[in-house]
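User: I would like to go through this structure and ask what stands behind each term used for it.

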Amino acid sequence: MTTRPYIVGNWKMHGTRAMLAEARAIDRAAERLIKAEVAIAPPFTLIHATRKEANLIGIGAQDVHPADGGAHTGDVSAAMVKDAGAGFTIVGHSERRANHQETNELVKEKAEAAIAAGMSVIVCVGETEAERDSGEAESVVAKQLEGSLPTGDGVAEKVTVAYEPVWAIGTGRTPTVEDVGAMHRSIREKLVAIYGEEGSAVRILYGGSVKPDNAAELLAADEVGGALVGGASLTAESFLGIIIAAAELQDEKS
Ligand code: PGA
């Protein structure tokens with residue numbers, strides 16, 4: 001099991017081939033920053049080209065369809081993104097849950113399809129602002145984990161969980177370090193309840209307005225094993241700021 005912080009850039013619907021220069025720059029720096037494990041999830045259209053440009057960082061997809069193939073116009077299967085060069089996929093991001101009415105059940109099917117295709121998965125969970133205000137954040141996230149996490153023999157080692165409070169995504173607002181720690185401890189308990197001992201090794205990333213200037217404190221919170229980064233992963237300069245913060249934290253620990 002690796003203890004290196006896992007820093008993943010989610011490019012969302014951003015990027016044409018002009019952005020490959022950013023991926024190259026991130027990849028070159030990753031060589032020097034072996035203290036962190038770095039990956040990016042570009043749009044489908046850039047997976048293959050990014051894989052060819054970048055040798056050291058992981059490349060993933062942002063979503064997959066649960067079926068292997070068939071009459072699903074506009075959709076892309078796990079086998080297809082893997083063939084294009086993806087080693088992992090994000091599933092259940094709150095933007096997909098909200099914009100495409102994705103249920104926990106569908107997210108679980110997607111995760112299991114990706115694992116069956118030989119990939120690992122980042123399963124996203126997180127509460128809305130109203131749910132946090134009404135004190136339901138931990139129970140909402142626990143239900144999402146119960147419903148969305150893939151199950152089966154040996155799947156736990158293929159799973160990373162990303163806790164992303166919906167109200168913190170793209171807003172510049174973040175929970176307090178104490179709230180992040182409390183939620184991550186509660187996710188850890190749930191992971192152990194679901195996966196047994198293997199659940200204690202599943203990485204839990206924090207996501208939502210992670211920037212170079214807040215990365216160190218968020219990454220130092222209890223049970224935080226890395227970050228899922230949206231806006232700040234779009235330029236090598238800001239993404240590297242976060243990677244450096246993670247690497248420095250790792251130095252302090254060792
Ligand atoms: P953000 O997005 O870093 O732009 O808030 C995070 C995410 O949605 O994964």
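Analyst: The protein has 10 helices and eight strands, counted as DSSP runs (H or I of at least four residues for helices, E of at least two for strands) and numbered from the N terminus. This is a predicted model, in which local features need pLDDT of at least 70 and side-chain atom pairs count only at pLDDT 80 or more, while totals for chains, interfaces and linings use all residues. Residues are numbered from 1 along each chain as its sequence is written, and side-chain values use heavy atoms, without hydrogens and water.

User: What makes a residue buried, and what share of the 254 residues is buried?

Analyst: Buried means under 20% relative accessible area (exposed is over 50%, partly exposed in between; 1.4 Å probe, protein chains only). Buried residues make up 52% of the protein.

User: What makes a set of residues a nonpolar core?

Analyst: Its members are buried Ala, Val, Leu, Ile, Met, Phe, Trp, Tyr and Cys residues joined through side-chain atoms within 4.5 Å. The largest such core has 69 residues, and Ile7, Val159, Val161, Ile187 and Ile243 touch the most other members. Helix 10 (residues 236-253) gives the most to this core, nine residues. A second, separate core has 11 residues, including Ala41 and Cys124.
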